[in-house]
Amino acid sequence: MVDQLKAMLGREHGLDDVNLALRDYISRLSPPAVGALHVTCADESEFECVESFQRWIVEPLLPNLHFTEKAPFRLANLGGRYEFGAVPVAEAHFATPESRQSFKVMIVKISAHVAVSGFGAATRFGEMHRYGTASHACGALHKLLDGANGAFIDDLRAAFCAGEKDRLQVLLDEKQVDPAQRAFLSAIVNALLQAARAVQDIKNHVPASPTLYLVPACVTLNRPERDTEFFCGLHVCDRRTPDCRFSYYGLSDNPAQYRLACEPLGLQLTDDDGLL
């Protein structure tokens, strides 16, 4: 059943496409309860990403919060950083009585972002025109790559250097990463690393009710027209039984192994180390 989602990995899609595929996958499972946690950058350019998730995941799948209103648990901060402890809190919120008798699906979507203009050979990354002036997106990742300091940058830097791998050094090495692609590839790495943080929390937390976690890692492509989305990776974490089962499909977090093709119909990425 996960094959449709696996087939979408490593490619650019319409902004709603991944959410629709996730919705259809979850609907086929017929869970008695569904919960959601959405992690995004605080940048206002992510409003289309948030609206799509609300329309295609939250509205059809989640329980009512207040009268007929529905909402996911949200994290919106500089750089779209997963904050440790968020999954346990969110999971407990959606542990309905029905899910305690059976199970629930918990979707934890990680959304990084990058500005993109042009198509094919004319594709450019990292800068957009905002309110009449040039602006970086993602601004937080730009500061990280530029060597700035600050609390949120330190947190991003810790993620990029997790597991004794200096992915920042790789991204800044022109022999390993094309500088013209750096903004895009850093957004992909960020989405994957923040998703890995969420999975670490899932592994360390005993859910309040049996839970199947889906953790998609995506990058919103902030285009001058309607935004699109790049699907980077998917973790499937089954905590419905005492035997915890974890699977991952998608790109690795090693940008030196990425091979980007800017096709007329969208971006495609292959990865020598990935599990596509």
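## C49 and its helix

A helix here is a DSSP run of H or I at least four residues long, and helices are numbered from the N terminus. By that rule C49 belongs to helix α3, which covers residues 47-61. Everything in this report is read from a predicted model.

So where does C49 sit, buried or exposed? C49 counts as buried, because its relative accessibility is 1%, and the cut-off for buried is under 20%. Once you set aside neighbours within four places in sequence, the contacts of C49 are L15, H38, T40, S111 and T220. D16 makes a handy reference point too: 33 residues separate D16 from C49 along the chain, and their C-alpha atoms are 8.5 Å apart.

## The chain as a whole

Zooming out, the chain has 9 helices and 12 strands. Its C-alpha trace spans about 55 × 40 × 35 Å along the principal axes. How does the radius of gyration fit with the chain length? A compact globule of 276 residues would come out near 19 Å, and the chain has 18 Å, so the value agrees with that expectation.

Of the 276 residues, 54% are buried. If you take contacts between residues at least 6 apart in sequence, 66% of them join residues at least 24 apart. The accessible surface comes to about 12,100 Å², with carbon and sulfur atoms accounting for 52% of it. As for charges, there are 27 positive and 35 negative ones, and the mean positions of the two sets are 4 Å apart.

## Salt bridges

The model holds 16 salt bridges. One of them pairs K6 with D3, at 3.9 Å from N to O. K6 is partly exposed at 34% relative accessibility, while D3 is exposed at 53%.

K104 and E91 form another bridge, with their closest N and O atoms 2.6 Å apart. K104 is in strand β4 (residues 104-117) and E91 is in helix α4 (residues 86-93), so this pair ties together parts that are 13 residues apart in sequence.

R167 is buried at 6% relative accessibility, whereas D253 is partly exposed at 21%.

Then there's a network: salt bridges link D16, E48 and R226. D16 has already come up as the residue whose C-alpha is 8.5 Å from that of C49.

A few backbone angles deserve a look. A137 and C138 are joined by a cis peptide bond, with omega at about 10 degrees. C138 sits in the loop between β7 (133-136) and α6 (139-145).

Which residues other than glycine have a positive phi? S30 is one of them, with phi near 50 degrees, and Y131 is another, at about 55 degrees. S30 is in the loop between α2 (17-29) and β2 (33-41), and Y131 is in the loop between β6 (127-130) and β7. S30 counts as exposed because its relative accessibility is 55%. Y131 is exposed too, with a relative accessible area of 71%.

L269 lies in strand β12, which covers residues 266-271. With a relative accessible area of 3%, L269 is buried. How does L269 relate to R55 in sequence and in space? The two are 214 residues apart along the sequence, and their C-alpha atoms are 28 Å apart.

Terms used: Residues are numbered from 1 along each chain as its sequence is written. This is a predicted model: local features need pLDDT of at least 70, side-chain atom pairs count only at pLDDT 80 or more; totals for chains, interfaces and linings use all residues. Side-chain values use heavy atoms; hydrogens and water are left out. A salt bridge is a side-chain nitrogen of Lys or Arg within 4 Å of a carboxyl oxygen of Asp or Glu. Buried means under 20% relative accessible area, exposed over 50%, partly exposed in between (1.4 Å probe, protein chains only). Helices (H or I, at least four residues) and strands (E, at least two) are DSSP runs, numbered from the N terminus. The radius of gyration is taken over C-alpha atoms; the globule rule is 2.2 Å times the number of residues to the power 0.38. Contact means heavy atoms within 4.5 Å. Accessible areas come from the Shrake-Rupley method with a 1.4 Å probe; for residues, only the protein chains shown count as cover. Lys and Arg count as positive and Asp and Glu as negative; His and the chain ends are not counted. The place of a charge is taken as NZ of Lys, CZ of Arg, CG of Asp or CD of Glu.
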